[in-house]
Amino acid sequence: MVRSIASIMMCLAVSASASAADKFKLAWSHYTGWEPWGYAADQGIVKKWADKYGIEIEVQLINDYVESINLYTASDFDAVTATNMDALTIPSVSGVDTQAIIVGDYSNGNDGIVVKGVHSVAELKGREINLVEFSVSHYMLARALDKNGMSERDVTVVNTSDADIASAFISSSKGAVVTWNPPLQQARNAKGAQMIFDSSMIPGEILDITFVKTNADERFKKALTGAWYETMAIISGGPGGKEAIEHMAEATGATVPEFKAQLRTTAMFYTPAEARDYTKSDAIEKTMEYVRQFSFDKGLFGATAQSADFVGIQFDNGKVLGDEKNVKLRFTSKYMEMAAQGSL
């Protein structure tokens, strides 16, 4: 696995005398729906909210998605951006009690299967497919195959880092990849490329979320939420919105039209009220039922897990899927509600 840190964006707030207990770290990786964290750090928005709560927040870009979650799981970070599935199968299964505090979006075409030389999922039979194994891409491939009466036995999965996946596709005459934006955009731009399945065909199943350790400091949770929704207000058409889009497009190596196209396939919850309402809905419970069954079937809960109930998942209404004595993934609307009420 590639272990590279492309850049570090530091948001150092408050006084130099702040104690270690007042310092917190967020890891994020490149994905259209998480690019706002880079913008918020660079523009001092994170620092502003950290100042308000008397803490320091370091926002760090990790150029390998799975590695960013591994680092969070290993306690190098207090928060991380991840999908609902990957938060379940990496930190939560590892025993790290993790809380979803900002449901940022769901992929609505921002993840896809891109191929050369074939025109449908059914024609993938016998092909090698590059993807980040056991990630949300693997999940989407399984859903696509199932919808076409196939299974993973019909293809060969090749584990490939998201940092390498676009180049692997571009250099192959028979390329087939499952990935997310921005590498999805790079693959689609290759000669002969065709997207044959995307996440809009399984709407709401790939959620992009900012997670924190459940026992993290309340000030940290509130500061992150405040910074996020201040940034959302800018990106969604507020003053400085045009410059924000240009900033994020440049950060991902995309043109402004390309980045805007990526945003159109990202169902962003631009307001805290939208995110709160989605978090309170039954949709997340239905999605997590799919996800936990897939994860157990793939062995992602470990050799000792006897069923999909191995890890408990708690929803905003208090209901638990799985083992109520081993709840390690929690969805809460608390901080989004505070943002919606203007009480952060």
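Predicted model: local features only at pLDDT ≥ 70, side-chain atom pairs only at ≥ 80, totals over all residues.

User: Show me one. What does Arg143 pair with?
Analyst: Its partner is Glu205, with a side-chain N to O distance of 2.8 Å. Arg143 sits in helix α5, while Glu205 is in the loop between β10 and β11, so the pair ties together parts that are 62 residues apart in sequence.

User: Are those two buried or exposed?
Analyst: Arg143 and Glu205 are both buried.

User: Now something else: which residue does Lys298 meet in a salt bridge?
Analyst: That would be Glu152, at 2.1 Å from N to O. Glu152 is in the loop between α5 and β8, and Lys298 is in the loop between α12 and β13, so this pair links distant parts of the chain, 146 residues apart.

User: And how accessible is each of them? What's the figure for Glu152, and for Lys298?
Analyst: Glu152 has 26% relative accessibility, so it counts as partly exposed. Lys298 is partly exposed too, at 27%.

User: What about Glu285, who's its partner?
Analyst: Glu285 meets Lys319 in a salt bridge, 2.6 Å from N to O. Glu285 belongs to helix α12 and Lys319 to the loop between β13 and β14, so they tie together parts 34 residues apart in sequence.

User: Why does Glu285 count as buried?
Analyst: Because its relative accessibility is 18%, and buried means under 20%. Lys319, at 42%, counts as partly exposed.

Conventions:
Residues numbered from 1 in each chain as written. Heavy atoms only, no water. Salt bridge = Lys/Arg side-chain N within 4 Å of Asp/Glu carboxyl O. Helix = DSSP H or I, 4+ residues; strand = E, 2+ residues; numbered from the N terminus. Buried < 20%, exposed > 50% of the residue type's maximum accessible area, 1.4 Å probe, protein only.
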